[in-house]
Amino acid sequence: MGQSGRVRRCGRDWGARREGAEGTVGGAVALTALLSPPQSRHQKRARAQAQLRNLEAYAAQPHSFVFARGRAGRGVRQLSLDLRRVMEPLTATRLQIRKKNTLKDCVAVAGPLGVTHFLILSKTETNIYFKLMRLPGGPTLTFRINKYTLVRDVVSSLRRHRMHEQQFAHPPLLVLNSFGPHGMHVKLMATMFQNLFPSINVHKVNLNTIKRCLLINYNPDSQELDFRHYSIKVVPVGASRGMKKLLQEKFPNMSRLQDISELLATGAGLSESEAEPDGEHNITELPQAVAGRGNMRAQQSAVRLTEIGPRMTLQLIKIQEGVGEGNVLFHSFVHKTEEELQAILAAKEEKLRLKAQRQDQQAQNVQRKREQREAHKKKSLAGMKRTRAEASGDSDAEDPGAPPETEGAGQQEEEEDEAEYFRQAVGEEPDEDMFPKAAKRGQFTGPPGKKPRGKERRPDGGTYHRPSKAKGKPQRDQAKLGRRGAVRDRRRGQARPPKKVV
């Protein structure tokens, strides 16, 4: 009883707490509905237009794919994932490339998605390469990675690093150093790196969106690029070490202090790394307020950088005209004369001409084979139709009917039978108008050398009657209409009268 009562009491307590929670949520929803009145038609239209502008602005920004190709290895694949962190948020974070996917497949998918750049890592037996491609028409820059350090190695070497997810909500700030007039290939490299990130309007930019910095430094002597990735932190200057300790995000431990003045006077518990000296190289006046303790507008603040990785040391190998293929515009190790370049261009033009000629010949062959198939198909269908008509005795052609001689002979035999029946039934010769065919048949139509054979008469003056052929003849069509057919059918139903004896 005690246990069951305890269960019931717990159930009542849980029901009461649930009702109270539902009441609280319901009250909050009702209060929100009262505080936010329904939107009007103009407000909805303005919100839809703002969303459309945001989508257009997002689509106008450059987007990228970062992936590794071939048997890259674990280290190179981890480097590609670290590069994705650098390119966030305008990159495919969860992009997966399978072994059977080719570069053409990636290019075909990149068009509808609005991807403008490819960052591809690959590895050979001797070196690691990094390719930067501009879609859809190129160019393609191929770099050799001389050195690289992953993010985990950079972070583990720091005593105190600063990296959080809010830093990757906006693209990094690109800083190019020493890209001077060192040649067209250097200028093209600078342009490619600039187009890799969205442009910034210095008069309208929000400083709170700049949380990271990407530094690319060019060394003219070694012709190498230093790739560095930093986290940006802005802190106020002009305050004592104790005040800086109070303004930091983590409040200091004052359990050993007797008074707050000890912290402000001596700066107890402040590490040397946090108290690094600031100078003219990193102190600036803020044009607007920045998120952080003490960063006010028109006040002096120091900009501090903390490296978060990865690091790379790159060397430009070559520049190609297209996406992964095309004319080589620049090469670091191979140099050709003007005559060699002209010969290469002529060979490529000849190759393209032969390719076009083969394509035309192939198109003609395909057209000819298609016409042959159509002709063979028509001929086969005609033969099949003719064979079917011969087998069934029917044809699509108009039936000419029976020959006139055969038709006339059939009518004559029929009228002759009717005339003979008339003689037997009536006992008199029928009129010529009644059976004209039978009268004509009675006339001689033989050859000119023979005389017509007369009728055989009996000795008593009568004539011999031929036996009726109705029994031996097939049954005639009973659907024949007309006066003669009706009379014949009516007479056939009567009994034949006896022969008249003379």
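User: Before we look at single residues, what does buried mean here?

Analyst: Buried means under 20% relative accessible area, exposed means over 50%, and partly exposed lies in between, with a 1.4 Å probe and protein chains only. By that rule F67 is buried, with a relative accessible area of 2%, and F118 is buried as well, at 0%. Of the 502 residues of the protein, 25% count as buried.

User: On what basis should I read such values?

Analyst: This is a predicted model, in which local features need pLDDT of at least 70 and side-chain atom pairs count only at pLDDT 80 or more, while totals for chains, interfaces and linings use all residues. Residues are numbered from 1 along each chain as its sequence is written, and side-chain values use heavy atoms, with hydrogens and water left out.

User: How many aromatic pairs does the structure hold, and how is a pair defined?

Analyst: Rings of Phe, Tyr and Trp (its six-membered ring) pair if their centres lie within 6.5 Å; planes under 30 degrees apart count as stacked, over 60 as edge-to-face, and the rest as tilted. The structure holds 5 such pairs. For F67 and F118 the centres are 5.7 Å apart and the planes stand at 75°, so this pair is edge-to-face. Since F67 lies in strand β1 (residues 64-69) and F118 in strand β2 (residues 117-123), the pair ties together parts that are 51 residues apart in sequence; strands (E, at least two residues) and helices (H or I, at least four) are DSSP runs, numbered from the N terminus. F65, F67 and F118 form one aromatic cluster.

User: Which residues have the most contacts inside the largest nonpolar core?

Analyst: In soluble globular proteins, nonpolar side chains tend to be buried together. A nonpolar core is a set of buried Ala, Val, Leu, Ile, Met, Phe, Trp, Tyr and Cys residues joined through side-chain atoms within 4.5 Å. The largest one has 34 residues, and F143, M189 and L225 have the most contacts inside it. A second, separate core of 11 residues includes F65, L95, A110 and V115.

User: How does the length of helix α3 compare with what its residues should span?

Analyst: The expected span of a helix is 1.5 Å times one less than its number of residues. The 14 residues of α3 (residues 74-87) should therefore span 20 Å, and the end C-alpha atoms are 20 Å apart, which agrees. The buried residues of α3 include V76, L79, L83 and V86.
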